[in-house]
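This note sets out, in numbered points, what a reader new to the model may wish to check against the coordinates. Please read it with the sequence and structure in view.

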Amino acid sequence: MARSVIAVFVLALMLAPAAAVAQAPAAGKAPAGQAGLSKQVKDLIEEFNKGSYADTAYKFFDVVENDNNLQNQLAAEYFCGASLLKLKFYQPALYFFSGILKTGPDHPFFGKAVEGLVEAS
């Protein structure tokens, strides 16, 4: 247990410079320049902000799997992980956040995913 916590903190420290460059969005908000988000995803983010985590986790996952709009998929990937984290489903949340980290600092939610990864650990 202690080893995995240390490993996550080391990973976070290594990624910190990249996270600082990848301007992180405010918590629960789509990052600036996300004009490509559909109304459906914007409405889901609004639902998330109101605390409807179980419903939005399922709906965000559907967007990740079935939506053809890349901007929608990237936002849904983060918010699916964030919803699962709020529900205290740490392992599934880690899955989504680490997928974002694998994408790298070009992902619009990279900085928030680093924070989520640390919180879920």
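1. **Fold and basis of the note.** Helices (H or I, at least four residues) and strands (E, at least two) are DSSP runs, numbered from the N terminus. The protein chain has six helices and zero strands, and its pattern along the sequence reads α-α-α-α-α-α. This is a predicted model, in which local features need pLDDT of at least 70 and side-chain atom pairs count only at pLDDT 80 or more, whereas totals for chains, interfaces and linings use all residues. Residues are numbered from 1 along each chain as its sequence is written, and side-chain values use heavy atoms, with hydrogens and water left out.

2. **Burial and contacts overall.** A residue is called buried under 20% relative accessible area, exposed over 50% and partly exposed in between (1.4 Å probe, protein chains only). Contact means heavy atoms within 4.5 Å. Among contacts between residues at least 6 apart in sequence, 53% join residues at least 24 apart.

3. **The largest nonpolar core.** A nonpolar core is a set of buried Ala, Val, Leu, Ile, Met, Phe, Trp, Tyr and Cys residues joined through side-chain atoms within 4.5 Å. The largest one holds 29 residues, and those touching the most other members are Val41, Ile45, Phe60, Tyr78, Phe79, Leu84 and Phe97. At least two residues of this core come from each of α2 (39–49), α3 (53–66), α4 (70–86), α5 (90–103) and α6 (110–120). Which helix gives the most to this core? It is α4, with eight residues. As background, nonpolar side chains tend to be buried together in soluble globular proteins.

4. Helix α6 is largely enclosed by the rest of the structure, because eight of its eleven residues are buried. The buried residues are Phe110, Gly111, Lys112, Ala113, Val114, Gly116, Leu117 and Ala120. In the loop between α5 and α6 lies Phe109, which is buried with a relative accessible area of 0%. The C-alpha atoms of Phe109 and Tyr78 are separated by 6.4 Å, although the two are 31 residues apart along the chain.

5. **Aromatic pairs.** Rings of Phe, Tyr and Trp (its six-membered ring) pair if their centres lie within 6.5 Å; planes under 30 degrees apart count as stacked, over 60 as edge-to-face and the rest as tilted. The structure holds nine such pairs. Phe48 and Tyr53 form an edge-to-face pair, at 5.3 Å centre to centre and 70° between the planes. Phe60 and Phe79 are stacked, at 5.5 Å centre to centre with 25° between the planes. This pair links distant parts of the chain, with Phe60 in helix α3 and Phe79 in helix α4, 19 residues apart. Ring pairs also join Phe48, Tyr53, Phe60, Tyr78, Phe79, Phe97 and Phe109 into a cluster.

6. A salt bridge is a side-chain nitrogen of Lys or Arg within 4 Å of a carboxyl oxygen of Asp or Glu. For charge, Lys and Arg count as positive and Asp and Glu as negative; His and the chain ends are not counted. Asp67, in the loop between α3 and α4, is buried yet has no salt bridge, and the nearest side chain of opposite charge, Lys42, is 12 Å away. Glu77, in helix α4, is likewise buried without a salt bridge, with Lys102 as the nearest side chain of opposite charge at 9.3 Å. Leaving aside neighbours within four places in sequence, Glu77 is in contact with Val64, Phe96, Gly99, Ile100 and His107.

7. **Salt bridges.** The count comes to four salt bridges. One of them joins Asp43 and Lys39 (2.9 Å, N to O); these residues are four apart in helix α2 and therefore separated by about one helical turn. Another joins Glu115 and Lys112, also listed at 2.9 Å, N to O. Here Glu115 is partly exposed at 43% relative accessible area, whereas Lys112 is buried at 10%.
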